[in-house]
Amino acid sequence: MTGRRPVGGDGRRGAPKLPQLLHGLLLPETYRDDQLGDLEEAFGERQRCLGRAAAVRWYWRQAIRSAAPAIALRLRAWGGARVHARAERKGSTSMGTTLQDLRYGLRSLIKSPGFAVVSVVTLALAIAVNSAIFSLVNVIVFSDLPMEDPATVVMFRANNPRLGVEDRSRAFSYPDYLDFREQSRSFEQLAAMASDHWVLSGSDEPMRVDGLRVTANFADAWRLTAAAGRTFLPEEDRPGAPRVALLSHGFWSRHFGARPEVIGSSIRLDGAEYTVVGVLSPKMEFANLAEIEVYLPMALDRANSSRDGRHISITGRLRPGVPVEEADREISIIASRLAQEYPTTNRGWEPAVLTARDSLLDDESETVVMLLVLTVGFVLLIACANVANMLLARATARGREMAVRAALGASRLRLVRQMLTESLVIAAGSAAIGLALSRALMGGLVWITAGRQPIFQMAVLDENVVAFTVVLSIAAPLVFGLIPAMRASAGGVGAALKEGGVRASGREGNRARSMLVGAQVALALMLMVVAGLMTRTVVALQQREMGFEPAGLLSLRLDLPENKYGDDGRVRQFFQAALDRVRGSPAVDGAALVSTRPAVDYGTIRVFEIEGRPQPEDAEPFTARTSLVSIGYFDLLRIPLVRGRVVAAEDTEASMPVAVIGREAAERYWPGEDPVGRRIRIGDARATDWIRVVGVVGDVRGPEDTEQPVPYVYFPFRQRPRSDMRLLVRGAGDAANLAAPVRSAIWGVDPDQPVDDVETMEQVLYDFASSSYALIALFTAFAAFALCMAAVGIYGVMSYAVSQRAGEISIRMALGAKAEQVRMMILGQGARLVVFGSAAGLLGAVLISRMLGSVVFGINALDPLTFLAVPAVLVTVGLLANYLPARRATRVNPIQALRAE
Amino acid sequence: MAKGEFLGEFEEVVLLALARLKERAYGMAIRQEIEDRTGRDVGVGSVYSALDRLERKGYVRSRVGHPTPERGGRAKRYYRLERRGAVALQRAREMHAGLWKGLELGPESYRR
């Protein structure tokens, strides 16, 4: 097997959990341990001689084949108990009765297929969304973290409110890490990681591999052991140490066929030889670590790194007995000390220490997940209300049947149990369909997010999800079945059997149903408000000014291997040649290079100085998002020039360093002044030269979800060359068609150069926003479901009310009431439901919108449009659902209705 | 003799396998014995179902053994042949013998 293994799938050697769980559920208590034990034992033997895959298949086959005998065993046990009990003259026991109820319930459901199908489908949909959302929660709460004893593993996050940086992990500088490590006492180990990538060459075609640079104590901090070979030794992260590498299990399997002799051999990364010393456990392929293929030691060299380069993440292991809050406090104190010592680079940055599990989700995502859980809970409640409604209607209709059974000696308890068993049968059917649907739903989410959100792919139907669904399908019938069951069995024998008695209890039943429908309307309204606010937020975010024209642009990544392009001259040369070639291609209208694409790339935020303006001690430093651009970039993206000039051919490595700034940077840092001609200096260790601002261009959207425009500073690529750039190309037709000519133009310069991430800019933007789209798709689907359920509920209750009042209506009409008046009377009755429900729902929605405050952008959480439109839609739909029965009311044939009385 | 007192075909197979295994007879071993001797791949569930029936008839008796780690800490259930079981097997064998006596299934005995 060379495919990627599921997370944590190989660590356990035990029998597969799912069939074990399912089979265990079917087996009667008496034989459960014996049979599962037998299977486990035989499974172990098979696994040893035939391999895991064959053994798992065998286990599944055994479990499936044994299902029928297991049920037979169970039935026999009940039968035996019943015989036994009868012998003791105690009447039938619970299990025997259950079997009877089950048979009876199934039969009565088969007799009314319409009811059965509608209720099963309704519940199945609700269970499906609950299981799907639970499988997300499951990943977050219960998934195996890759590290040992994850409770004492912490991750660092950084906040910088002024820069709009929230909860970012890759936001520490190397010197900061060393200071934290030396000055803190809360941690057993503090390790650093930084993502990196290299070109792997040697055997096959050159390929780009994604990797992580880690300090040598990384494996110790997470208490990782190698799946093969060893992890890094303490001295291997010092400068000048021999070059060593670790492989991820997946990469080792995929690329090296899991051959053991790879360990000890050498691989060529960016042209340098590295000895593979080990393979990490497959558990490491977790969340965003899943894409990491190679791990290299991070060379520790304080002198060579600046505090400004914030690109590493920090993780650690707490000392035994130290709570995470204490560690957090200690780190904050050290950070404020650092901010005093190095104000230009460190002021404004606030670190936070979180446990590994908490760090899986930031606060904002946590709110969204909570909202989702709440929403699907509502959806389930609404579905339950609908089924309860149908059951109530049935209960009323079956009043006489129940009365007859009561007359024949059935106790009330017995009748309630009978009805609950029926509900359970409905729920069981729904759970099975719901599980299948939730799988499809997760597949849909992976599709909507184009596979960019690992959490959706990690969410699988494991035993936790199955168990959750089983619990739901047992709990739901208690919610929706109990009231109808109680009502159906109430009322005594005489009343129900009497002519017209059904009608009396029917009216009472209708009151309960009206309450349920009112509740449905309220819940639906809340869900619709949530969906409305989320949609408005996403629309507001998407409608923010782009500041550039993405249509028709193709984006490619060119990342030059360091060994081949070691010095700036060669980098410049390659990119210049590539640009010339690409521009020369007939399909291409224009091309440019950029390091940080607008709207999607985070790039680097840098601190800078302004000449003649000393940095005040207590004020925030001047910061901006920086990007390197080639000549023609602003024209290509149609970013307007506001004043001065853009990057031009005269800006070479030999000429004076220049910068072009965005309008926001100009207005924020030079308010009321002309920045053109002023000089700035980048606050890093190498900064010596002053850089002259030569122009101001229009603002472009930043990658963050903020309403404020982001200050940008652009430098000419020629003056600060970099080996990892994006090439943007515009052509006449569809941007996707440019890929082939552009690739061949680049390979004309260097046939070994990997060309990655070839996508149209519109695709890039879509992928970037895909999780938001998935969210609004979810919320909108839930709201639509809730609205339909509420409409069906209203329709059901009003139709029933009309049929109940047929006699009254015919008398009214016989006495001269006009059709219109009758219609209004019925509409009025229904409108009360809708209005009271909506009022209650609005109240709830206001409460929920407070929770939404942190995720809503660009609009008020009490957005008037949403809060007006949603009730309007709901009331319209509600009245429509009400109108049909009202119209039918006037078509009542008075003679017939009165005869029936 | 009531109908229930005859052994079913599968019951007979299980009972024979159990008798052969003596004190080592438990679900999975019986399943394996049947597979080894007859080439029939049977589900462990069916074996337990048959054993349950046989125990109800008093042909076999079970006791629970000690849990072992390779069974995920679960106990084994061992089965022993009871006297009534042995009698039933013996009777089945005699019945077979009586029915087979003097019978040859040559080519003349069935339709071609």
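Residues are numbered from 1 along each chain as its sequence is written, and chains are lettered from A and ligands numbered from 1 in the order in which they are written. Since this is a predicted model, local features need pLDDT of at least 70, side-chain atom pairs count only at pLDDT 80 or more, and totals for chains, interfaces and linings use all residues, while side-chain values use heavy atoms, with hydrogens and water left out.

**View 1. Confidence along chain A.**
The average pLDDT of chain A is 81, and 88% of its residues score at least 70. (pLDDT is the predictor's confidence in each residue, from 0 to 100.) Two stretches call for some care. Residues 1-12 of chain A stay under 50, and the model has 17 contacts for them beyond four places in sequence; a contact means heavy atoms within 4.5 Å. Residues 499-505 of chain A also stay under 50, with seven contacts beyond four places in sequence. Where pLDDT is low, the predicted coordinates should not be read in detail.

**View 2. Chain B by itself.**
Chain B has four helices and two strands, and reading along its sequence gives the pattern α-α-α-β-β-α. Helices (H or I, at least four residues) and strands (E, at least two) are DSSP runs, numbered from the N terminus. Of its 112 residues, 41% count as buried; here buried means under 20% relative accessible area, exposed means over 50%, and partly exposed is in between (1.4 Å probe, protein chains only). Take the contacts in chain B with a separation of 6 or more: 50% of them come from residues 24 or more positions apart.

**View 3. Where chain B meets chain A.**
Here 25 residues from chain B come up against 24 residues from chain A. The two chains bury about 2,100 Å² between them, with 45% of that on carbon and sulfur atoms. Three residues, M28(B), Y48(B) and R74(B), supply 28% of the area that chain B buries against chain A, more than any other three residues. Buried area is the accessible area (1.4 Å probe) that two parts lose on being put together, summed over both.

**View 4**
How many salt bridges does the rule find across the interface of chain B and chain A? There are four, a salt bridge being a side-chain nitrogen of Lys or Arg within 4 Å of a carboxyl oxygen of Asp or Glu. In one salt bridge, the side chains of R71(B) and D38(A) meet at 2.7 Å, N to O.

Look for R77(B) in strand β2 of chain B. Is R77(B) buried or exposed? R77(B) counts as buried because its relative accessible area is 12%. Its side chain joins that of D34(A) in a polar contact of 2.4 Å, and makes another with the side chain of S62(B) at 3.0 Å. Leaving out residues up to four places away in sequence, R77(B) touches residues including T30(A), Y31(A), G27(B) and V64(B).

**View 4. S723(A) in its loop.**
S723(A) sits in the loop between β20 (712-716) and β21 (724-731) of chain A. With 24% relative accessibility, S723(A) is partly exposed. Beyond four places in sequence, S723(A) touches L558(A), D559(A), L560(A), V571(A) and F575(A). The C-alpha atoms of S723(A) and F575(A) are separated by 8.9 Å, though the two residues are 148 residues apart along the chain.

**View 5. Two loop residues with positive phi.**
R223(A) lies in the loop between α8 (218-221) and β5 (226-229) of chain A. Its phi is near 50°, a positive value in a residue other than glycine. A258(A), in the loop between α9 (249-256) and β7 (266-269) of chain A, has a phi near 55°, again a positive value in a residue other than glycine.

Conventions: Polar contact = N/O pair within 3.5 Å; in protein donor to acceptor, adjacent residues only side chain to side chain.
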